[in-house]
Every structure is written in structure tokens, then in C-alpha cells.
Amino acid sequence: MATEDENPRHPDITAMLQSQTSACKAARDAIAADGEVMLYDGQAPHWMVFGIAATRLRRSLKIGLTTLGLDETVEILRARHDEHLRTGNIVAADRSSFFTLYFDATGTELLACSGVKNERPSRRDGQKLQL
């Protein structure tokens, strides 16, 4: 059984979610409604984190998913060069939304927050979803 000293608490994510992107309020609401918060200790190179966010934006838009602040996040990350970043996730308790958090290398500054609504993609023009 771990004690509080052996397992230090993560920073108060709710307090960090201010106005970085338009997804921040929805992410705070997800936490308040017992959403699951996961912060990752490892650092990833900027190019990798930026590339994943940009790809997620393109694919989400292509298949018709609703995104929250993902376009803003891509622009924020585009401006950060040659850095390592940390990430985290928030999953809404009802699994209706999934948020990604982007931190500086120390994990003390939240740079951006993006979200994707968990919904069936639209099938415009008979387009089939391929996974």
C-alpha cells in the first residue's frame, strides 16, 4: 500500500486549465464530473508531439469528428521549437470526450489542451470509415 509521500500528487490540473485553448473549459468540466486524469512522466521531442496533434486534426476533420481546440493546439505547438514536451489525457467519466494535455518539459506549464468528442463519424458522400 503506497503512502502519500511515496506517490506524490500530480499538479492541480484543474487550476492549470485556464484559457490556453477553447477546450479548457470542457476539460475542467470533465474533471469535475469525475473524469480520469492521466499524466505521463516521460518527455517526447517537440516534432513528435506536434506531428501527432497535426495528424489527429487532419484525420478528425476528414472523418467528421467534432474537435475542441485542436486547431488552436496545433498552432501553439507549431510555435514551440526544439523542446521536449510532456503530455497527459483526460477521459470524461461517460467516455463522451477525450482530451489531450500538452505541457512544457518540466510539466509545470500547461501549453495547450485539445479534445475530441467520442461520436460516430459522419458518412458524407458514402464515405466509409477505415480503421
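Accessible areas here come from the Shrake-Rupley method with a 1.4 Å probe, and on that basis the accessible surface of the protein comes to about 8,300 Å², of which 50% belongs to carbon and sulfur atoms. The model is a predicted one, and the protein it shows has 131 residues, of which 36% are buried. It contains 4 helices and 6 strands, which follow one another along the sequence in the pattern α-α-β-β-α-β-α-β-β-β. Among the contacts in the protein with a separation of 6 or more, 65% are accounted for by residues 24 or more positions apart.

**The largest nonpolar core**

- The largest nonpolar core has 17 residues, and those with the most contacts inside it are Ile-13, Leu-17, Ile-90, Phe-99, Leu-101, Phe-103 and Cys-113.
- Two or more residues of this core are given by each of helix H1 (13–16), helix H2 (24–32), strand S5 (97–103) and strand S6 (110–117), and the largest share, 4 residues, comes from H2.
- Ile-90, one of the core residues with the most contacts, touches Ile-13, Leu-17, Ala-27, Ala-30, Ile-31, Glu-36, Val-37, Ser-97, Phe-98, Phe-99 and Leu-101, when residues up to four places away in sequence are not counted.

**The second core and Leu-111**

- A second, separate core of 13 residues includes Ala-44, Phe-50, Tyr-102 and Leu-111.
- Leu-111 lies in strand S6, and it counts as buried because its relative accessibility is 8%, where the cut-off for buried is under 20%.
- Leaving aside residues up to four places away in sequence, Leu-111 touches Gln-20, Ile-76, Arg-80, Leu-85, Tyr-102, Phe-103 and Asp-104.
- Leu-111 and Thr-73 are 38 residues apart in sequence, while their C-alpha atoms are 8.3 Å apart in space.

- The buried residues of H2 are Cys-24, Ala-27, Ala-30 and Ile-31; seen down the helix axis, they fall within an arc of 120°, so they line one face of H2.
- The cover over the buried residues of H2 includes H1, strand S1 (36–39), strand S4 (84–91), S5 and S6.
- In helix H4 (residues 70–78), the residues Leu-70, Thr-73, Val-74 and Leu-77 are buried, and because they cover an arc of only 100° around the axis, they are on the same side of H4.
- The buried residues of H4 are covered by elements that include H3, S3, S4, S5 and S6.

- Most residues other than glycine have a negative phi, which is the background for the two residues described next.
- Asp-34 follows H2 and is placed in the loop between H2 and S1; although it is not a glycine, it has a positive phi of about 70°.
- Asp-34 counts as exposed because its relative accessibility is 67%, where exposed means over 50%.
- Arg-95 lies in the loop between S4 and S5, and its phi is near 65°, again a positive value in a residue other than glycine.
- With a relative accessible area of 46%, Arg-95 is partly exposed.

- Trp-47, Met-48 and Ile-52 make a nonpolar surface patch of about 340 Å².
- Gly-64 and Glu-119 are 55 residues apart in sequence and 9.4 Å apart in space, taken from C-alpha to C-alpha.

Notes
Residues are numbered from 1 along each chain as its sequence is written. This is a predicted model: local features need pLDDT of at least 70, side-chain atom pairs count only at pLDDT 80 or more; totals for chains, interfaces and linings use all residues. Side-chain values use heavy atoms; hydrogens and water are left out. Patches are made of residues with over 30% relative accessible area and no salt bridge: like charges are joined within 9 Å, nonpolar side chains (Val, Leu, Ile, Met, Phe, Trp, Tyr) within 5 Å. A salt bridge is a side-chain nitrogen of Lys or Arg within 4 Å of a carboxyl oxygen of Asp or Glu. Buried means under 20% relative accessible area, exposed over 50%, partly exposed in between (1.4 Å probe, protein chains only). Contact means heavy atoms within 4.5 Å. A nonpolar core is a set of buried Ala, Val, Leu, Ile, Met, Phe, Trp, Tyr and Cys residues joined through side-chain atoms within 4.5 Å. The arc is that of the directions from the helix axis to the C-beta atoms.
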